[in-house]
Amino acid sequence: MPKGTVLVDEERCKGCGLCIAACPQKVLGFSGRLNRSGYDVACMERPESCLGCAFCALTCPDVAIEVYREKVAS
Amino acid sequence: MAKRVLMRGNEVIAEAAIRAGCQCYFAYPITPQAELLEHMARNMPRLGRTFVQAESEVAAISMVHGASAAGVRTMTSSSSPGISLKMEGISYLAGSSLPAVIVNVVRGGPGLGNIAPAQCDYFQATKGGGHGDYHMIVLAPSTVPEAGELTMLAFELADRYRTPVMILADGMLGQMMEPVLLPDPVDPAALPAKPWAATGAKGREPNIILSFDLDPEGLRRMNLELQARYRTIREKEVRHEETETEDAEIVIAAHGTVARIAKSVVRMARAEGIRLGLFRPITVWPFPYEPLRALSSRVETVLTVEMSAGQMWEDVRLAVAERAKTPFYGELGGVVPTPKGILREVKRHVG
Amino acid sequence: MSVSVERMVKVFERPRSLTGAHSTYCPGCHHGILTRIIGQTIDDLGIVERTVGIAPVGCAVFAYRWYRCDALQVAHGRASAVATGVKRARPDLVVFAYQGDGDFASIGTAESIHAANRGENITVIFVNNQVYGMTGGEMAPTTLVGQKTTTTPDGRDPALFGYPIRFSEMIAQLEAPVYVTRQALFDTKRIQETTKAIRKAFTNQVERKGYSLVEVLATCPTNWHMKPVEANRHVAEVVTKVFPLGDLVNRG
């Protein structure tokens, strides 16, 4: 299974938690870090489980998430 | 060589709009301007231009908003109750700095009123009407040929100052037939470009057309910019006509249809030895305060005659102040003053 | 453990048709998801240089800020009429009106229905979150029976305020529209369905097919007094019972 990862733009994140709920692998969680607007931003709690499915990014209302996936040898 | 044709005022306004390069016309039927709408319905589609009979006056002016934002010459027309509905859109046009031509073939009011000619929408046209600190240029033709000329001018001024411009006509002017020499058509391709328009952000930053700024400082700047433009319009675009005022002891101040009637009153009075003149604002906004002020220091009386309870009269009194007497004669409810009736009023104030 | 992105390919990024502006919507509000979907669609169709967006009055009043295309902000309820004007003036532009339930289905009722009835070749996005968000959570035309809002403090009573209006069903009765659909955003499956619907609604316009309407059931966690995840569940379990999902007209 190829691995994935996500980058959260912490200043865009409003801590709504929709990405956390959308992740089928339970990768994401609240970081406990507040951004400049005072929101508890999302982070990868279990990065090793990320498959790069992008469900988190699809559901993020603030377009704060970029998703990467391992290159698969062809 | 162009030849004179006999046409109704409403049709002349419509035809002049076409010749001014109006690409999109949107309106809702109402008497007494239906012929204008019908002329556009017959002619715009065959020219490859847009005619839409809108579901309401509100929709029609909103379509004008869209077409104007897209950078084309556009117009709507209506009569008093319909113009009230358009006021929302007119305020948005003014706030968004969008050019447009709006024709009001005024009828008796308030409410449903009647379909007879009136001038009772002067306040609405010249003092705002919609919400906010705005003005529109208001042109008041007094003959059918002039209605055509001023319609051409309205499109030019609208584009030049990025502002709505109103043609303030009335039911009599709309319905009357007169011989007119139609103006030569403008080539729409030769008109100045509108780099601000929403035409697709190709090779440039997006054009965003707004009438709002939640930041008071920002909205203040927007308003100051509008006011600066209004100052320029006041300086450059005041138009009026004087008839036999050189030696006058009394002048009639009147616009539109009443001014036309007053012209014959001038002849009648002169025949009786009364030195009567006529002061006719062509732009009722901006009102010709300065010319009237100058004239008022040479005459004893400025008699305002209107088909209203005295709306333009307020501007006349602002211009004249205490330099001359400022009586008023008005007819209401769609009653048109007669030359004899006006002459009788003139005589009450001379000698 | 952390994964270096250097050996990886980017599979999801911000659509190029979106500006970098941070959204003004509340946390968890679906407007943001829809904005991203529209931006993605404009990217995919390669139309950003000929698209004009019409922003409404309401929470989406700033919609002109999110896209790298020309845009207007217009009077409350009139977006479909203004879109008509833009499109008639320049038929080569791609024009979309973005309207909330108050804008589209209350104060703009006449403009909304008649633009659809004329079959204007425009794309209308109708965001139905059953509440007036911007003004403080008042009743919308789509507010559910019994739903508490700041103007129905005891819940919407049909005897006084009528029923939630199924506006898309009304539009679907007309002959002209080519595509009328109701979608939602409460899970990734619906988000993907909505993405397809939005793409179809824009493609119809590009192909000059005519009027397309995409109603999107959205959340308003702030004025529903729910957490975003709870609001999603509310749409799935309650709102879709009143506003069923799916295509109402598909003549494309």
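**Close-ups of a predicted model**

View 1. You'll find B:A259 in helix α9 of chain B, which covers residues 256-271. Who touches it? Skipping the neighbours within four places in sequence, B:A259 is in contact with B:S142, B:A254, B:L278 and B:R280. Look for B:F279 too: 20 residues separate it from B:A259 in sequence, while their C-alpha atoms sit 8.2 Å apart in space.

**View 2. Helices α3 and α4 of chain B, side by side.** Two packed helices are described by the angle and the distance between their axes. Here, helix α3 (residues 57-69) and helix α4 (residues 80-95) of chain B have axes that come within 8 Å and cross at roughly 25 degrees. That angle is under 35 degrees, so α3(B) and α4(B) are roughly parallel to each other. Their crossing is right-handed. On the α3(B) side, the residues making the contact include B:V58, B:I61 and B:V64, and on the α4(B) side they include B:L85, B:I90 and B:L93. Sorted by type, the residues of this contact come out as eight nonpolar, three polar and three charged.

View 3. The size of an interface is often given as the accessible area lost when the parts come together. For chain C and chain A, that comes to about 2800 Å², with 64% of it on carbon and sulfur atoms.

Key:
Residues numbered from 1 in each chain as written. Chains lettered and ligands numbered in written order. Predicted model: local features only at pLDDT ≥ 70, side-chain atom pairs only at ≥ 80, totals over all residues. Heavy atoms only, no water. Axes fitted to C-alpha atoms, helices over the stretch in contact; angles between N-to-C directions. Helix = DSSP H or I, 4+ residues; strand = E, 2+ residues; numbered from the N terminus. Parallel < 35°, antiparallel > 145°, perpendicular 65-115°, else oblique. Left-handed = near helix turned anticlockwise from the far one by under 90°. Contact = heavy atoms within 4.5 Å. Nonpolar A, V, L, I, M, F, W, Y, C, P; charged D, E, K, R; others polar. Buried area = accessible area lost by both parts, 1.4 Å probe.
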